Amino acid sequence: MSTYFDHNATTPVAPEVVAAMAEALASTFGNASSVHAYGQRAKAAIDEARASVATLIGAEAAEVVFTAGGTEADNLALRGAAEAMEARGRKRLVTSTIEHEAVLNTCRHLARRGYDWATVPATTDGVVTTAALEAVLTPATAMVSVMHANNEIGTIQPIAELAQLAHARGALLHTDAVQSLGKIPVDVRALGADLLSLSAHKFNGPKGAGALWIKRGTRLLPTVTGGKHERNRRAGTENVPAIVGLGVAARLAGGKLGAEAARVAALRDRLEEGILGGVPGTAVNGARGSRVPNTSNISFDRVEAESLLIALDLEGIAVSTGSACSSGTLEPSHVLRAMGLSTHRTQNSLRFSLGMFSTDAEVDRVVEVLPRLVEKLRGLTQKPVGARG
Ligand SMILES: Cc1ncc(COP(=O)(O)O)c(C=O)c1O
């Protein structure tokens, strides 16, 4: 039996999405900008998807701009709004330290081009507080960007309060909702944000399809220039099958938020209890109370996460680590590091992320095999039992 517990990396595409995309690929090939019937069919398919996305997030359809995924949506939000706000003398960008690389590296790039970039630290629980944000806001702040839910630990950020504070100082608020959409209710008005990013492949849609919600009246310059597509905010002939897939995934996600989210939360909690109870020297990273229902990030004392990940993979169980192995060096998770966890703990943590097709039997299997794998790996290390790294 194989087990996929890496839904925060990406999700399997729902059969309904596959069917709708195949149909669009085969039949809806017109260019949505064309006046003839073929073009109008493509435009109608895009309009329908836009309405579905808007309904899911409580927005107006005209406020939704399709992009080629979450990374591009984040880029459009940060670069587009930063450039537009520059005319008002605001050149400061503020993000949390636990953002995704799509936000952090975009800000890094903008900082090299003369923008002032400040970061807000997260607590050891992985939460960004209004007090921490207040300390870095200045009259020059153009935009605050804080993610709705964190991809590694799942913690949900108090976006409504952060938005209120940002607005009081004349700054825009962007939230990367890539990891919250389809897991918890996302309502742009309740969040009080100005811009919100989403990505289809995180909620059973296709990769390379996403959207940026831009509140009506928000000034933003396009980052991809060309034709007049997407109301002049994102040029390029629309990828109709991908957009159709995003629309169907959005409709399905809307229906999953109740009973399905509770089912996944119960599975995640059982997995967590099973691991904490069955494997000594384990602890959950991040606030357990305020998390998306599918995510659990657990540290395993005296075990290198990469080794455990590989051992689990050999058992047919797919999980992930926030660490990135580049050029032979193990880079600890920037999220766990930003939360102030010890270097050892940042390197011995695994993320388990469940989804729509996860089952009780899969949870049982992971809980059953983990104690043996951990014991074996601990036996291979040089350190005496009880020693902490
Ligand atoms: C929080 C967050 N933002 C942005 C992205 C990037 O989205 P995409 O893969 O659609 O470019 C991801 C994907 O891992 C993510 O988890």
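## Basis of the model

The structure is a predicted model, in which local features need pLDDT of at least 70 and side-chain atom pairs count only at pLDDT 80 or more, while totals for chains, interfaces and linings use all residues. Residues are numbered from 1 along each chain as its sequence is written, and side-chain values use heavy atoms, with hydrogens and water left out.

## The largest pocket

The largest pocket holds about 660 Å³ of space. Its lining comprises 40 residues, and H100, E101, N151, E152 and H334 are the closest to the pocket centre. A pocket here is an open set of points on a 1 Å grid over the protein atoms alone, where a 1.4 Å probe fits, with protein on both sides within 12 Å along at least five of seven lines; lining residues have an atom within 4 Å of a point. Volume is the space filled by probe spheres set on the points, which are joined across faces, edges and corners.

At least two lining residues come from each of α3 (70-86), α4 (101-112), β4 (116-120) and α12 (334-338), and α4 gives the most, with 5 residues. Helices (H or I, at least four residues) and strands (E, at least two) are DSSP runs numbered from the N terminus. The lining of the largest pocket has 20 polar, 11 nonpolar and 9 charged residues. In this scheme Asp, Glu, Lys and Arg are charged; Ala, Val, Leu, Ile, Met, Phe, Trp, Tyr, Cys and Pro are nonpolar; the others, including Gly, are polar.

## The second largest pocket

About 300 Å³ of space lies in the second largest pocket. Among its 16 lining residues, K43, D47, R50, E230 and E238 lie nearest the centre. Two or more lining residues come from each of α2 (37-57), β2 (64-67) and α8 (229-232), with α2 giving the most, 4 residues. By class, this lining has 8 charged, 6 nonpolar and 2 polar residues.

## Ligand surroundings

Around the ligand are 13 residues (a heavy atom within 4 Å), of which G70, T71, D176, S199 and K202 come nearest. A backbone N or O atom of G70 lies 2.8 Å from a ligand oxygen atom. Polar side-chain atoms of T71 and D176 lie 2.6 Å from an oxygen atom and 2.6 Å from a nitrogen atom of the ligand, respectively.

## Residue S353

S353 is found in strand β14 (residues 349-353). S353 counts as buried because its relative accessibility is 0%, the limit being under 20% relative accessible area (1.4 Å probe, protein chains only). Leaving aside residues up to four places away in sequence, S353 touches Y4, F5, D6, H7, N8, N294 and T295, where contact means heavy atoms within 4.5 Å.

How values were computed: Buried means under 20% relative accessible area, exposed over 50%, partly exposed in between (1.4 Å probe, protein chains only). A polar contact is a pair of N or O atoms within 3.5 Å; within protein, one must be able to donate a hydrogen and the other to accept it, and residues adjacent in sequence count only if both atoms are side-chain atoms.
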